[in-house]
Amino acid sequence: MLYPGANILAATKEDFAKDKRRELTSRIATGNWDAVIVTHSGFEKIPLSEKYQSNVIQEQLDELEKVLQELGDDPDERRTVKQLESAKKKLETKLESLADNDRKDNTLSFEELGVDRVFVDEAHYYKNLFYISKMTRIAGLPQTASARAFDMYLKTRYIQEINGGGGVVFATGTPIANSVAEMFTMQRYLQMGTLRKQSVHHFDNWAATFGEAVTAMELSPDGGGYRLNTRFARFVNVPE
């Protein structure tokens, strides 16, 4: 209504059906659109190239391997090592699955569509992004990892690469819902270049600079009493 002259493609659920997805991606790539509007689930169905995905996954595997080597055979870090090895195995499985020909539907890749900006509404849906950390014994640091969030991370990273660090807008009323660590996730999506320049692109470095673990009495999960717990729950070294 605000821009009656705009050339906009609003994709429907039917457009993302497997037999029509190739037609949709072709329309996106060949049309001179001012904007293409898709649902969250539809956006996830537009694949990135196998090469781009494998490069980023391999980069994360290299970071995991480096952390594991630093921990070595320290008996106090066995739990951390076990969790990191589990994360490494999941990434290796993801890397192997990229070569699964049965899952390819022969559509154009995200890079081939000509997309130069991404605007994400309800961006808090993508907060469960995997990150590497040695701080596995501290509460308030969720380690959940969703395929949806990783897909968004890859696509926003690509858009920023072709825009000199910009080109991505997130809209949400709740950037932090359950943990202050979610701010690091939002910054990874939107400010990874800045984090790298400041050498805080690894979570533990970021947490040591801008966060603080607080030890306090908390109500136990079953409500039957109190317990002493250390939780990552406070920001430091940031403006009001």
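Helices (H or I, at least four residues) and strands (E, at least two) are DSSP runs, numbered from the N terminus. The model is predicted: local features need pLDDT of at least 70, side-chain atom pairs count only at pLDDT 80 or more, and totals for chains, interfaces and linings use all residues. Residues are numbered from 1 along each chain as its sequence is written, and side-chain values use heavy atoms, with hydrogens and water left out.

**The whole chain**

Select the protein chain and colour by secondary structure. Seven helices and six strands are present, and along the sequence they follow the pattern β-α-β-α-α-α-β-α-β-α-α-β-β. Taken along the principal axes, the C-alpha atoms fill a box of roughly 60 × 45 × 40 Å.

The protein chain exposes about 14700 Å², of which carbon and sulfur atoms supply 49%; accessible areas come from the Shrake-Rupley method with a 1.4 Å probe. Of the 240 residues, 35% count as buried, where buried means under 20% relative accessible area, exposed over 50%, and partly exposed in between (1.4 Å probe, protein chains only). Among contacts (heavy atoms within 4.5 Å) with a separation of 6 or more, residues 24 or more positions apart account for 67%.

**Helices 3 and 4**

Select residues 50-71, helix 3, and residues 78-97, helix 4. Two packed helices are described by the angle between their axes and the distance between the axes. Here the angle is about 160° and the axes are 10 Å apart; axes are lines fitted to C-alpha atoms, for helices over the stretch in contact, and angles run from 0 to 180 degrees between N-to-C directions. Helix 3 and helix 4 are therefore roughly antiparallel, a term for angles over 145 degrees.

Now display the side chains of the contact. The contact residues divide into 11 nonpolar, four polar and five charged.

**Two residues with positive phi**

Move to Ser199, in the loop between helix 6 (182-197) and helix 7 (203-210). Phi of Ser199 is near 60°, a positive value in a residue other than glycine. Ser199 is partly exposed, with a relative accessible area of 47%.

Finish at Asn237, in the segment after strand 6 (226-235). Asn237 is not a glycine, and its phi is positive, near 60°. With a relative accessible area of 62%, Asn237 is exposed.

Key
Parallel < 35°, antiparallel > 145°, perpendicular 65-115°, else oblique. Nonpolar A, V, L, I, M, F, W, Y, C, P; charged D, E, K, R; others polar.
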